[in-house]
Amino acid sequence: MSDDVMISLDHVSKRYRGQKVPAVENVSMTIHRGEIVVLVGPSGCGKTTTMKMINRLIEPSSGRITLDGADVTSLNPTELRRRIGYVIQQGGLFPHMSVATNIGMVPRMLGWDRRRIDARVDELLDLVGLEPGQFRNRLPQQLSGGQQQRVGVARALAADPPVMLMDEPFGATDPLTREHLQNEFLRLQEKLQKTIVFVTHDFDEAIKMGSRIAVLGERSRIRQFDTPERLLAAPADETVAQFIGAGASLKQLNLRRVGSIAYDEAHLVTSQESPAAVLRHLDESGDWAVLTVDGERRPLRWVGPRDLRPERDTLDGVGIPAPTVEPRATLRDALDAMLTCGCGAAVVVDDAGRYRGVLGIDRLMRAITEMRETERSRDRGVAEASYYRPPMPRTLAAPAQRGGAR
Amino acid sequence: MTFLEYLQSRRTLLLAQTLEHATIVLTAVAIATVVGVLIGVATYRHRRGRAIAVAVAAAILTIPSFALLGLLIPPLGLGYVPPLIALTLYAVLPILRNTVVGLTEIDPALREAARGIGMGPLRRLATVEIPLAWPVILAGIRVSTQMTMGIAAIAAYVGGPGLGHQIFSGLANLGGVNSLNQALVGTLGVVILALAVDLCLALLGVLTRPGRGARSAARNPRSAPPAGAAATAGTAH
Ligand SMILES: Nc1ncnc2c1ncn2[C@@H]1O[C@H](COP(=O)(O)OP(=O)(O)OP(=O)(O)O)[C@@H](O)[C@H]1O
Ligand SMILES: [Mg+2]
């Protein structure tokens with residue numbers, strides 16, 4: 001096998017004691033360095049069991065698992081686990097320890113000195129977007145759910161492990177927070193290039209996060225192991241198609257990022273601008289609205305001709321709040337933002353929330369059309385309507401082989 | 001003599017007996033804490049093991065104290081040792097039972113998180129499990145302390161130390177001079193001592209609440225008191 005294989009599962013099965021049917025049966029897959037492999041499938045199909053066998057929280061009944069070329073059963077389990085970051089649902093933080101102690105746990109076990117641990121803790125808090133001075137000494141119960149999950153991710157990253165296992169890490173948060181955490185995590189991953197096994201039962205999350213996605217069925221059987229694009233375009237069988245669910249073409253919006261398409265520019269004004277001047281600009285340019293921004297060029301509101309009251313001096317509080325998206329957000333997120341404000345445009349902002357451009361609904365439509373055309377030309381011969389219906393011969397391909405291919 | 005005059009005249013003796021009483025109870029509870037926590041830790045994972053341990057401790061508690069004290073005299077003689085052993089045996093059950101409850105009530109996800117980030121079994125016990133179970137264990141220690149306070153009074157009957165002497169000599173010559181004062185002062189002494197010690201333990205509970213040390217522990221994790229030290233800290237009072 002090539003050296004860029006980080007984790008491989010070779011005919012792995014697990015039967016829990018006292019159970020007739022195995023929870024995981026004969027699973028083989030290879031995971032390459034630096035990719036995010038998402039295990040997705042219905043509840044109880046064995047995702048967690050499969051993942052926990054990698055760090056030996058669960059011992060396989062048969063089969064072989066290697067990590068960076070070494071059979072995991074030949075390694076000391078506690079040492080193995082210190083080399084693998086582990087994030088579980090709701091963070092799994094120790095409630096009686098401060099945020100800093102939680103994060104510093106693995107470095108401490110590895111014998112780092114205190115100064116180095118303290119520095120590392122602050123660095124990680126920064127990395128996951130929590131201000132160290134404010135959060136270092138808090139207890140987990142003094143954090144919101146999303147903040148706890150960030151700390152959970154920071155703890156897993158503490159000793160800079162090459163591999164991370166994440167079991168529904170963003171499971172217990174509201175959709176908005178989840179989207180934010182996902183974007184943030186993708187931004188981190190661009191820098192860190194970890195090898196990640198990510199478990200979820202949310203298919204949209206799988207499409208967004210995964211370099212490759214393994215759709216699992218009963219007993220963790222791999223139904224399809226493919227890139228998100230291929231999975232949406234050509235589900236291997238009826239079950240996978242069902243799992244992808246209705247609206248596969250809408251889900252393709254999850255594949256493209258806001259940053260990958262061109263932006264328009266808006267006319268920026270401060271809130272101190274006079275309504276009369278704005279009205280003049282709108283008349284001359286034919287723009288549908290101007291965007292008010294604060295001193296840091298952070299977008300505030302869209303102001304159209306009908307919002308303007310010539311008798312007032314400023315634009316304070318005038319117009320409708322402008323929805324924003326980050327370049328890392330998906331087109332789907334952008335569409336959501338446009339629909340919620342009903343204004344047909346989302347403002348693209350950088351990490352600090354500053355204006356970078358405007359994404360209009362027409363640009364979005366053009367991107368969608370392009371995507372469909374590329375898809376269609378790639379799958380020439382597959383009728384457009386058969387998005388859900390598998391091309392017959394492909395169903396017969398063994399999932400394991402499919403998984404081996406990059 | 002009035003009650004207060006009696007108190008005045010026997011001040012030194014009464015203080016000494018109170019101190020003896022407190023010492024034997026706290027020593028017994030300290031030993032019982034070590035024994036109870038150790039047995040709890042060793043058995044809580046195994047359903048059969050912890051059932052047997054708790055049943056044995058419960059059975060011991062049903063032996064009438066007179067009988068147990070009496071039975072310990074032939075092999076050990078009169079004096080300090082038989083009551084200490086008897087009190088320790090009685091004190092084990094609440095501590096053992098609460099240790100088992102405290103440890104089994106820990107969220108399995110936390111235990112797994114500890115395992116998942118690479119903590120070995122001993123480290124898990126010392127840094128996660130015992131600290132989280134500690135409030136429940138301490139509640140058991142308080143029950144044991146209250147219970148043995150009363151039983152310790154009976155130790156005087158077999159030559160043991162403590163306020164029991166006041167009660168027994170009072171009851172032995174009921175109707176005699178000062179007999180009522182003696183019985184009263186012994187009984188009240190035990191009650192007041194019990195309340196005072198319980199107050200100290202409650203305070204200890206506040207001071208050792210999990211997470212309380214987080215502020216300093218954040219800078220220096222090693223300075224957090226290890227569970228063993230906290231468990232025996234009660235004897236220092
Ligand atoms: N410790 C255990 N003992 C016995 N059976 C178990 C144990 N853990 C899991 N199982 C069973 O194994 C199967 C797979 O469980 P697993 O937790 O891996 O599923 P999952 O895909 O992670 O599900 P979910 O999405 O609900 O988390 C389930 O049928 C479950 O009941
Ligand atoms: Mg699971």
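A polar contact is a pair of N or O atoms within 3.5 Å; within protein, one must be able to donate a hydrogen and the other to accept it, and residues adjacent in sequence count only if both atoms are side-chain atoms. The model is predicted: local features need pLDDT of at least 70, side-chain atom pairs count only at pLDDT 80 or more, and totals for chains, interfaces and linings use all residues. Residues are numbered from 1 along each chain as its sequence is written, chains are lettered from A and ligands numbered from 1 in the order in which they are written, and side-chain values use heavy atoms, with hydrogens and water left out.

Ligand 1 makes polar contacts with chain A. A polar side-chain atom of A:Thr49 lies 2.5 Å from a ligand oxygen atom. For A:Thr48, an N or O atom of the side chain is 2.6 Å from an oxygen of ligand 1. At A:Cys45 a polar backbone atom takes part, 3.2 Å from a ligand oxygen. Alone, ligand 1 exposes 640 Å², and the protein buries 59% of that (Shrake-Rupley method, 1.4 Å probe; for residues, only the protein chains shown count as cover). The surrounding residues (a heavy atom within 4 Å) include A:Tyr16, A:Gln19, A:Lys47, A:Glu168 and A:His201. This shell divides into three nonpolar, seven polar and two charged residues. Here Ala, Val, Leu, Ile, Met, Phe, Trp, Tyr, Cys and Pro count as nonpolar, Asp, Glu, Lys and Arg as charged, and the others, Gly among them, as polar.

Helix H6 of chain A spans residues 145-157. Helices (H or I, at least four residues) and strands (E, at least two) are DSSP runs, numbered from the N terminus. H6(A) reaches 19 Å from its first C-alpha to its last, close to the expected 18 Å (1.5 Å times one less than its number of residues). Eleven of its 13 residues are buried (under 20% relative accessible area, 1.4 Å probe, protein chains only). Among them are A:Gly146, A:Val151 and A:Leu157. Their cover includes helix H3 (99-109) and strand S7 (163-167) of chain A, together with helix H6 (108-116) of chain B.

Chain B has eleven helices and zero strands. Of its 237 residues, 45% count as buried. Its accessible surface comes to about 11,500 Å², 70% of it belonging to carbon and sulfur atoms. B:Asn181 lies in helix H9 (residues 179-207) of chain B. This residue is buried, at 11% relative accessible area. Not counting residues up to four places away in sequence, B:Asn181 touches B:Met1, B:Thr2, B:Phe3 and B:Tyr6 (heavy atoms within 4.5 Å).

Notes:
Buried means under 20% relative accessible area, exposed over 50%, partly exposed in between (1.4 Å probe, protein chains only).
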